[in-house]
Amino acid sequence: MTIQTHTPADVPAKNTKNSSVSTVDSPERDKGKDGRGATTVADGVVAKIAGIAIQEIPGVHALGGGAARAIGNLREKVGQKDLTQGVNVEVGQTQVAVDVTLVVEYPHPLQEVADNARNAVYTAIEDLVGMEVTEVNVTITDIHVPSEDADADDIEREPRVA
């Protein structure tokens, strides 16, 4: 877990009836943007936000490598979808680095899908979490080719050979 803070150097003291009371510099403490407390964002939350953002990109078939997808398929069968599958994050105090593993649908251009996924992660994390994204590394491990064998209409199709 990480603590995200955006603390001003000096938090102004509250005004009291005695305005002659001076403020004494105290050790800088992480008290949040407005001095009222700190915000803690778990690494898993950042990974889940990135995973949700990527799944909405056209051309992304799945997240994760072969073994992760196999385990993910088993989890989906029992009703537990892993939204962080294929997403690895490193979260610092104010910055995030993300590694993503994708399977792309054929015939989508690979570089275009990777760029769109990268942009989606940057936007989602910076807007929702409020942390700076330093890099998003995209690894494409496979291409999903819709095969004719998987179509339900194959039974009704005429044979190619007489």
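In strand 5, Val89 finds its bridge partner in Val98. Strands here are DSSP runs of E with at least two residues, helices are runs of H or I with at least four, and both are numbered from the N terminus. The model is a predicted one, so to speak of a local feature takes a pLDDT of at least 70, side-chain atom pairs count only at pLDDT 80 or more, and totals for chains, interfaces and linings use all residues. Residues are numbered from 1 along each chain as its sequence is written, and side-chain values use heavy atoms, with hydrogens and water left out.

Back to the strands. Three residues sit between strand 4 and strand 5, and the two form a hairpin. Strand 5 also pairs with strand 3, again antiparallel, this time over three bridges; here Val60 stands opposite Val104. With strand 6 (residues 132–144), strand 5 runs parallel, and 11 bridges join them. Val98 turns up here too, opposite Val136 in strand 6. To get from strand 5 to strand 6 the chain passes through helix 3, making a right-handed β-α-β crossover. Right-handed means that, with the strands pointing away from the viewer, the path from the first strand over the helix to the second runs clockwise.

The peptide bond from Tyr106 to Pro107 is cis, with omega near 10°, and Pro107 lies in the loop between strand 5 and helix 3.

Helix 3 itself has 20 residues and reaches 28 Å from its first C-alpha to its last, close to the 28 Å expected at 1.5 Å a residue (the expected span is 1.5 Å times one less than the number of residues). Its buried residues are Val113, Ala114, Ala117, Ala120, Val121, Ala124, Ile125 and Val129. They cover an arc of only 125° around the axis, which puts them on the same side of helix 3; the arc is taken from the directions from the helix axis to the C-beta atoms. Buried means under 20% relative accessible area, exposed over 50%, and partly exposed in between, using a 1.4 Å probe and protein chains only. The face turned away from the buried side carries the exposed residues Gln111 and Asp127. After helix 3 comes Gly130, with a positive phi near 85°.

Helix 1 (residues 43–55) tells a similar length story: its 13 residues should span 18 Å, and the end C-alpha atoms are 19 Å apart, which agrees. Among its buried residues are Val46, Ile49 and Ile54. The cover over the buried residues of helix 1 includes strand 2 (39–41), strand 3 (60–63), strand 4 (87–91), strand 5 (95–105) and helix 3 (110–129).

Two loop residues are tucked away as well. Ile57, in the loop between helix 1 and strand 3, counts as buried at 12% relative accessibility. Leaving aside neighbours within four places in sequence, Ile57 is in contact (heavy atoms within 4.5 Å) with Val113, Asn116, Ala117 and Ala120. Gln85, in the loop between helix 2 (66–77) and strand 4, is buried with a relative accessible area of 13%. The Gln85 side chain reaches the backbone oxygen of Leu63 at 2.6 Å.

Conventions: Polar contact = N/O pair within 3.5 Å; in protein donor to acceptor, adjacent residues only side chain to side chain. Pairing = 2+ DSSP bridges.
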